[in-house]
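Work through the following exercises with the sequence and the model open. Each task is followed by a solution in steps.

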Amino acid sequence: MLNHLTSRHWRTAWVSITLIAVLALFVFYPPLRTAASDFLGIFRVRKFAAIPINISALEGNPTFADVLETALSDQVQFTGDPDSSTAVNSVHQASSLAGFQVRLPAWLPEGYSGPSTMRVQDEVSFRVTVKVDHVRAIQEALGRTDVPIPSNLDGARVDANIPKVFSAWYSSSRGTIELVEAPSPEIQLPPDLNLEELGKFALRMAGMSEDEASQLAESIDWANTLVIPVPMNYASYQEVSVAGSTGLIIGEAGTDEAEGHWMLVFEKDNIVYGLQGMATPEQLVAVAESMF
């Protein structure tokens, strides 16, 4: 569902997301619970929050891109093939293979039909082992060497398991709508990490001032919230209610809602759902509501 978001200005935005994810040990999905002494050590997505960020330091910065690529290749180890998936022909087959109840919408916007394709992506795990030298190199590339690096970050290890993911595509003459469903990823965090401190660090690395980062970090439930950085001037967002849950709609700034490309994310009954495509925010919410 992120294919569209990896083009044009969104490419830079998602690079910043990766930065936050790796450096803050998945502060990218975030608001706060308290210090590490009260933290269970497991992160799961229960809600979503958007944070506007200034990506001027990332635009046209090849040094940062090279440093980040090196950092990722040296600090992230995968188990399983992230691109491995299986085509399915029915909801029953998809549910059986995915290991959870797959839901399809009962309503689609006018002109849409399908699903034309349904797939279940294999489970994949990965480990992030933070090396503070890479953190310092990224700080230098971004001109953020004034931001203090959190204690206990060097050598910190994060183990993440991404469950099987179901995807379905619906087509029309004006484009497609993609539906994604999966149980929340499970992320094991070291017990001695101060999540609020990590969150503040990530937010400051994303361009916020010390006061702004401190206030926001204190308001976030880092153990349950997926924080999505949204690039200023390039995208807009709004919270919405979906089937009794609170979701988040994100689209390109200035986009005509009648023709624009939007993404909806929400969580319900321990399953994370995503819808994205050529539709209005109201239509995506209606599609999601029709699944329950």
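**Exercise 1.** Determine how strand E14 pairs with E15, and find the bridge partner of histidine 261.

Step 1. Strand E14 (residues 261-268) and E15 are antiparallel and share eight bridges; strands are DSSP runs of E, at least two residues long, numbered from the N terminus, and two strands pair if DSSP finds at least two bridges between them.
Step 2. Histidine 261 has methionine 278 in E15 as its bridge partner.
Step 3. Two residues lie between the strands of this hairpin, and aspartate 269 there has a positive phi near 55°.

The model is predicted: local features need pLDDT of at least 70, side-chain atom pairs count only at pLDDT 80 or more, and totals for chains, interfaces and linings use all residues. Residues are numbered from 1 along each chain as its sequence is written, and side-chain values use heavy atoms, with hydrogens and water left out.

**Exercise 2.** Which residues of E15 stand opposite alanine 182 and proline 183?

Step 1. Strand E9 (residues 175-183) runs antiparallel to E15, joined to E15 by seven bridges.
Step 2. Alanine 182 stands opposite valine 272, and proline 183 opposite isoleucine 271.

Methods. Helix = DSSP H or I, 4+ residues; strand = E, 2+ residues; numbered from the N terminus.
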